[in-house]
Amino acid sequence: MNNILSLLDSYTFNNADDIAKAISSDFRKRRIEKNLTREQVAEMSGVPVSNIVRFEQKGLVSLKNLIGIAMSMGYTSEVKNIFSQPKYSTMEELTQIRRNSGKTRAYKR
């Protein structure tokens, strides 16, 4: 059942703004669950409170600040592993991934 819900989630977000807002909403929920104020997260992460407010309200944050916030909340491995596994949706993509495994640069087709 969780796999089906996870698949459905990936199709409900149509653009980067939707995903950013969902991430910021999830962060806010986790922060409140841990009974942490924005100021406490700022102190733990080294990210200014104003940036945390902007992240929670608008979903806007730099990658470096997102990493700092995630690490302060105990999500280091989740952020670190975001691109760790190849993703593919067709057999052709899988074949290309296998063919290009180990290469250090991409070339125009």
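Partly exposed, on this tour, means a relative accessible area between 20% and 50%, with buried under 20% and exposed over 50%. Keep those cut-offs handy as you click around, and remember that this is a predicted model.

Start by selecting R30 and E33. Their side chains meet in a salt bridge, with N and O 2.8 Å apart. Both residues sit in helix α2, three residues apart, which is about one turn of the helix. Now colour by accessibility. R30 has a relative accessible area of 26%, so R30 is partly exposed. E33 reaches 56% and therefore counts as exposed. If you're wondering what brings such partners together, side chains of opposite charge can pair when their charged atoms come close.

Next, select E56. Is E56 buried or exposed? At 9% relative accessibility, E56 counts as buried, because the cut-off for that label is under 20%.

E56 and R28 form a salt bridge, and the closest N and O atoms are 3.6 Å apart. This pair links distant parts of the chain: E56 belongs to helix α4 (residues 49-58) and R28 to helix α2 (residues 16-33), 28 residues apart. R28 is partly exposed, at 39% relative accessibility.

Now bring in R38. The side chains of E56 and R38 also meet in a salt bridge, 2.8 Å from N to O. R38 lies in helix α3 (residues 38-45) and E56 in α4, so the pair ties together parts that are 18 residues apart in sequence. At 22% relative accessibility, R38 counts as partly exposed.

Salt bridges with shared partners join R28, R31, R38 and E56 into one network. How many salt bridges does a search of the whole structure find? The search finds four.

**Stop three: where α2 meets α4**

To see the contact, select K21, I23, S24, F27, R28 and R31 on the α2 side, then I52, F55, E56 and K58 on the α4 side. Colour this contact by class and you'll find four nonpolar, one polar and five charged residues.

**Last stop: the nonpolar core**

Finally, select F27, L36, V41, A42, V47, I52, F55, I69 and M73. These nine residues make up the largest nonpolar core. Helices α3 and α4 each supply at least two residues of this core.

Zoom in on I69 before you go. Setting aside neighbours within four places in sequence, which residues is I69 in contact with? The set is F27, V41, S45, V47, I52, F55 and V61.

Definitions and conventions: Residues numbered from 1 in each chain as written. Predicted model: local features only at pLDDT ≥ 70, side-chain atom pairs only at ≥ 80, totals over all residues. Heavy atoms only, no water. Helix = DSSP H or I, 4+ residues; strand = E, 2+ residues; numbered from the N terminus. Buried < 20%, exposed > 50% of the residue type's maximum accessible area, 1.4 Å probe, protein only. Contact = heavy atoms within 4.5 Å. Nonpolar A, V, L, I, M, F, W, Y, C, P; charged D, E, K, R; others polar. Core = buried A, V, L, I, M, F, W, Y, C linked by side-chain atoms within 4.5 Å.
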